[in-house]
Amino acid sequence: MKRLEKKHPLAIRWFHWINFPVLMIMIWSGILIYWANDIYRIGFGSHTLFHFFPAWFYHPGYDDTTQKGHALYNLDARLAEGMAWHFMFMWFFAINGLLYVLYTAFSGEWRYLLPGLHTLREAIQVVLHDLHIRKQPLPRRKFNGAQQIAYTSIVFMGAGSLITGLAIYKPTQFAWLTNLIGGYGISDSFGVSGYNTARFIHFWLTMGYVAFFLVHVTQVIRAGWNNFRAMITGYEVAPTEDSPMDGPVRPDKVVMEGGQA
Amino acid sequence: MTTNEPIKEPVDATEAGRAAKSRGAAMPVQDAEDGAVHTATNAAPPHTPEAAPAPSAPVPIAATPGIPVMAKAGDDEIEGQMHQMSRRSFLWAAVAIGAGFTTRQWLITRRPDNGIPWPFRRVLETNEQLARDYFKTARLVPNFAVAKADPDPRTNGDIGLGEDFDPDTWKLTVEGLADKNAPTRTLTLKDIKALPKVEMVTELKCIEGWSIIVHWAGARFADFMEKYPPATQSGETPDVKHKPNDLANYVSLQTPDKAYYVGLEMESALHPQTLLCYEINGEPLTPEHGAPLRLAIPVKYGVKNIKRIGKISFTNQRPADYWAEQGYDWYAGH
């Protein structure tokens, strides 16, 4: 036997799917801006393991030595264009994110998303399970511990991007904020002089989104069609042999909410 | 739970129904968003055998106690409903994707306005209005210790700094002054140096994303305007200190060869850290840094810190700006 389970509210589906292209545009236009001063790298001392970004990343297919070849796409010398997009879509990113946070707060959805006391332990179990080290099935719940940590972190990362973004955008009018973060420009916060701390954080948060995206898409593919479809339709088909999904971490609230994952 | 297990009559149908609903089982699911009632199966969770559908429920498959559930039919029904919902939702998704691409196409094909499609220009201008509303001349950029200043500040731009220039014969032209008999004047460096000398160690932030700390010295632009007041909008005698809003709206600055030019709105020109600068690191400006006179305006990106000023004009028309014409934000303020 099967049954339908309501999984994702309409509002959350819209927030999610609006955020997806908007964040993509923010990352893309961010790269166009970053190109103009692409100083970040992974390395120690003068030794660089990876430079963000190598030439092939900006224009794959184009040979820098011979200056020939047809680039698949171009991400360089488009600073003005990048800023124009970035400063338009920042509004959509901010407003959509803010509405999402307000919605989860007032609808009670936060109960499924916010990590609890045992979340970390469960998240470790989830990771072990996904790596095929732990064989027992995971508890059937809307979001497991690993998801709760990931989905809550991403909200804080979004807030971080807005705050560091504002610090870079208006460093004088919001000097208190910029200074709180460690300054727009010369800073010793990371022990490296010449790093723009606000910009540095802004950049690495973006790298964090990319990492999140890769893991997220992998996990969605692994979870399968039924799970993915639920993010579009809101419903999931569940076999009744399974016990109904456990509620959020605080089961006493479930009945009040009438909420089923 | 096995599918043919009879379901006992609930003692209290409402309560049982609520309990069942809270566990998401055996209930027609009322979708809060679209109002559609999707009939789910009546199978109660094994740990709540007393659960049954609420009386108001549309007749679900095998809702009656004692009648075995036909698993096959139930599953088909569920899958059918899911298909129906999927069709509708995916149709919405397709419309949304189409709308997204149409919007993108529309955006990038709009008439260019100074290097970018006009919707982007309008947004930059709106951002500017918000920033100008929030702007206060009292908010100062951080002043650093002199020791923090870069001993060899980077020179980035050389537009307008052609070879064909003699600093000894240089003169500064000022247009749009309040004095009706002499709205245009020609000044020398001596005239600027006669104004109170101000030193500051501030960060020059480049629009490209890097910054340097520079030790500047020169005259406050506000002091310069006190001495050579711009025309007012009302036509009355200018009062730079007390009636700054009556002054001309904008300041235009350009190099002697007119190759590089910037525009400022009046409140940024009035900012106490906006200097007509003639010294860098305690030395007269070098040609690369804009000798003999340049602008140091730390409330703006580096692009507004014009080197080798040839002419200053006070105007009510929004002045042309070299980089704004290339698609950048005209305001470029912090």
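**Close-ups of a predicted model**

**View 1. A lysine sits over a tyrosine ring.** K170(A) lies over the face of Y169(A), 4.4 Å from the ring centre; to count, NZ of Lys or CZ of Arg must be within 6 Å of the ring centre and within 35 degrees of the ring normal. Over in chain B, the charged end of R308(B) sits over the ring of F165(B), 3.8 Å from its centre. This is a predicted model, where local features need pLDDT of at least 70 and side-chain atom pairs pLDDT 80 or more, while totals for chains, interfaces and linings use all residues. Residues are numbered from 1 along each chain as written, chains are lettered from A in the order written, and side-chain values use heavy atoms, leaving out hydrogens and water.

**View 2. F20(A) and F213(A) make a stacked pair.** The whole structure holds 40 aromatic pairs over all chains (Phe, Tyr or six-membered Trp rings with centres within 6.5 Å; planes under 30 degrees apart are stacked, over 60 edge-to-face, the rest tilted). Here the centres are 6.2 Å apart and the planes at 10 degrees, so the rings stack. F20(A) is partly exposed at 37% relative accessible area, and F213(A) is too, at 31% (buried is under 20%, exposed over 50%, partly exposed in between; 1.4 Å probe, protein chains only).

**View 3. F89(A) and F92(A) form a tilted pair.** Their centres are 5.2 Å apart, with 50 degrees between the planes. F89(A) counts as buried at 10%, whereas F92(A) is partly exposed at 44%.
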